[in-house]
Amino acid sequence: MIQIGRYRLGFVPVSVIIVFIVLSGCAIAAAFQQTRPEWSMPLSHKIIINEGMALLATLVYGIFAHFAIAIINILKK
């Protein structure tokens with residue numbers, strides 16, 4: 001458990017934050033790599049699309065991680 005000020009974060013919230021940061025970096029790198037002058041889509045649109053996919057993947061990861069922790073806690077009792 002990590003404590004920042006008066007806030008305490010467990011394993012799942014910290015791992016979701018780390019997954020989001022990593023996926024955001026990958027999304028921006030992929031957008032820069034996909035940009036070509038001959039294509040009509042601007043860089044900002046590609047970054048927005050890739051960040052949306054990173055947010056969706058982070059949401060799905062967070063949901064599965066919270067359900068996994070809930071199931072583990074139920075099985076321990």
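**View 1. Ile47 sits in helix α2.** This is a predicted model, so read the view as a computed picture. Ile47 has a relative accessibility of 23%, so it falls in the partly exposed class, given that buried means under 20%. Ile28 is 19 residues away from Ile47 along the chain, yet the C-alpha atoms of this pair are separated by 5.9 Å.

**View 2. Asn50 is a buried residue of helix α2.** Its relative accessibility is 10%, and that is why Asn50 counts as buried; the cut-off for buried is under 20%. So who does Asn50 touch, leaving out residues up to four places away in sequence? The list is Ala27, Ala30, Ala31 and Gln34. Helix α1 spans residues 11–34, and helix α2 covers residues 43–76.

**View 3. Helices α1 and α2 cross at roughly 155°.** Their axes come within 8 Å. Angles over 145 degrees count as roughly antiparallel, and the two helices are therefore roughly antiparallel to each other. By class, the contact of α1 with α2 brings in 18 nonpolar residues, along with seven polar and two charged ones. As for handedness, α1 passes α2 in a right-handed crossing.

**View 4. Ile17 is in helix α1.** With a relative accessible area of 44%, Ile17 ends up partly exposed, because the exposed class takes over 50%. Now pair Ile17 with Gly62: the two are 45 residues apart in sequence, while their C-alpha atoms are 9.4 Å apart in space.

**View 5. Pro42 belongs to the loop between α1 and α2.** Pro42 has a relative accessible area of 37%, so it is partly exposed. Gly62 turns up again here, 20 residues from Pro42 in sequence. In space, Pro42 and Gly62 are 31 Å apart, C-alpha to C-alpha.

**View 6. Gly10 lies in the loop between β2 and α1.** Strand β2 runs over residues 7–9. Gly10 is another partly exposed residue, since its relative accessibility is 22% and buried means under 20%. How far is the C-alpha atom of Gly10 from that of Ser40? The separation is 44 Å, for a pair 30 residues apart along the chain.

**View 7. Confidence in the chain averages a pLDDT of 92.** Of the residues, 100% score at least 70. Which elements mark the two ends of the range of mean pLDDT? Strand β1, residues 2–4, has the lowest mean at 81, and α2 has the highest at 95.

Note on methods
Residues are numbered from 1 along each chain as its sequence is written. This is a predicted model: local features need pLDDT of at least 70, side-chain atom pairs count only at pLDDT 80 or more; totals for chains, interfaces and linings use all residues. Side-chain values use heavy atoms; hydrogens and water are left out. Axes are lines fitted to C-alpha atoms, for helices over the stretch in contact, and angles run from 0 to 180 degrees between N-to-C directions. Helices (H or I, at least four residues) and strands (E, at least two) are DSSP runs, numbered from the N terminus. Angles under 35 degrees count as roughly parallel, over 145 as roughly antiparallel, 65 to 115 as roughly perpendicular and the rest as oblique. A crossing is left-handed if the near helix is turned anticlockwise from the far one by less than a right angle, and right-handed if clockwise. Ala, Val, Leu, Ile, Met, Phe, Trp, Tyr, Cys and Pro count as nonpolar, Asp, Glu, Lys and Arg as charged, and the others, Gly among them, as polar. pLDDT is the predictor's confidence in each residue, from 0 to 100. Buried means under 20% relative accessible area, exposed over 50%, partly exposed in between (1.4 Å probe, protein chains only). Contact means heavy atoms within 4.5 Å.
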